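User: I would like to learn how to read the strands and helices of a protein model. Could you guide me through one example?

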Amino acid sequence: MDEAPAPELCAAVLAAAFATEPVSGWICGDSERARRHWFAATLATHATVPGARRHLLTDGTGHPVAAAVLTPPGAGPGAGAKTAWTVRTLLRCGPGPLIRTLRYLGGTAPAAPDGAWNLEFIGVLPHHTGRGAGRRLLDQLLTTAPAPGGVHLTTADPDNVTIYERLGFTTHARLRIGPITTTAMRRPAAPQE
């Protein structure tokens with residue numbers, strides 16, 4: 001697993017992995033181009049966040065299989081990075097994706113527990129799903145992230161809720177944002193030995 005991949009590599013994996021995910025579909029519509037540009041702009045901005053982490057899982061030949069992006073507690077991009085993201089998203093994706101992203105972030109941000117890392121994205125390339133790649137990546141993240149406040153995530157895919165529950169996450173909120181129902185989940189920190 002690569003624990004410091006280039007943002008572009010993770011963005012390419014996530015754009016493909018999120019092709020049918022409800023939130024990215026709502027934000028970007030059916031446009032593969034908009035989704036690719038949206039992930040590229042978002043991960044370039046995320047890379048400016050102090051302490052932010054990106055992880056890339058590769059197969060035996062070094063080809064990307066899955067990617068994940070984490071934000072430390074209380075961290076976020078600075079004003080300049082936010083402005084750059086806004087301009088990139090507006091120019092490459094259009095006003096709709098920009099407005100829907102801001103609406104989604106405004107609706108989900110209050111659900112994030114204080115002190116928890118935020119698992120922004122985790123995705124597996126479509127032709128690798130069902131083979132345990134996502135589980136391996138998430139297990140690695142959960143054992144290596146310094147998360148005394150636990151890990152928080154949101155998912156709009158109801159099938160993901162049971163997967164995350166098996167990994168120790170519990171639901172703490174259900175949010176309705178536009179046409180999307182999102183489940184906010186948290187996994188407490190592992191007890192210190």
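Analyst: Let us begin with a term. A strand is a DSSP run of at least two residues labelled E, and strands are numbered from the N terminus. The model shown here is predicted. In this model, Pro64 belongs to strand E2, which covers residues 64-71.

User: How do strands join, and which strand is joined to E2 by 6 bridges?

Analyst: Strands of a sheet pair through backbone hydrogen bonds, either parallel or antiparallel. Here, strand E1 (residues 53-58) and E2 run antiparallel and are joined by 6 bridges.

User: How many residues lie between E1 and E2 in their hairpin?

Analyst: There are 5 residues between the two strands, and in this turn Gly62 has a positive phi of about 90°.

User: Is Pro64 buried or exposed, or something in between?

Analyst: Buried means under 20% relative accessible area and exposed means over 50%. Pro64 has 26% relative accessibility, and therefore counts as partly exposed. Leaving aside residues up to four places away in sequence, Pro64 touches Val13, Leu56, Leu57, Thr58 and Leu125.

User: What is the order of the strands in the sheet?

Analyst: The order is E1-E2-E3-E4-E6-E5, in an open sheet of 6 strands with mixed pairing. E1 and strand E5 (170-177) are the edge strands, each pairing on one side only. On average, neighbouring strands of this sheet are turned by 25° against each other, with direction ignored.

User: Which strands does helix H1 touch?

Analyst: Helix H1 (residues 7-17) packs on the sheet and touches E1, E2 and strand E3 (117-124). The direction of H1 makes about 105° with that of E2. Helix H6 (residues 133-144) also deserves attention: H6 lies across E1, E2, E3, strand E4 (151-155) and strand E6 (180-187), and runs at about 160° to E3.

User: Finally, how should I read the ends of a helix, and which residue caps the N-terminal end of helix H7?

Analyst: One may look at each end in turn. At the N-terminal end of H7 (residues 158-166), the cap is Asp157, with a side-chain oxygen 3.0 Å from the backbone nitrogen of Asp159. Just after H7, Gly168 adopts a positive phi of about 95°.

How values were computed. Residues numbered from 1 in each chain as written. Predicted model: local features only at pLDDT ≥ 70, side-chain atom pairs only at ≥ 80, totals over all residues. Heavy atoms only, no water. Polar contact = N/O pair within 3.5 Å; in protein donor to acceptor, adjacent residues only side chain to side chain. Helix = DSSP H or I, 4+ residues; strand = E, 2+ residues; numbered from the N terminus. Buried < 20%, exposed > 50% of the residue type's maximum accessible area, 1.4 Å probe, protein only. Contact = heavy atoms within 4.5 Å. Pairing = 2+ DSSP bridges. Axes fitted to C-alpha atoms, helices over the stretch in contact; angles between N-to-C directions.
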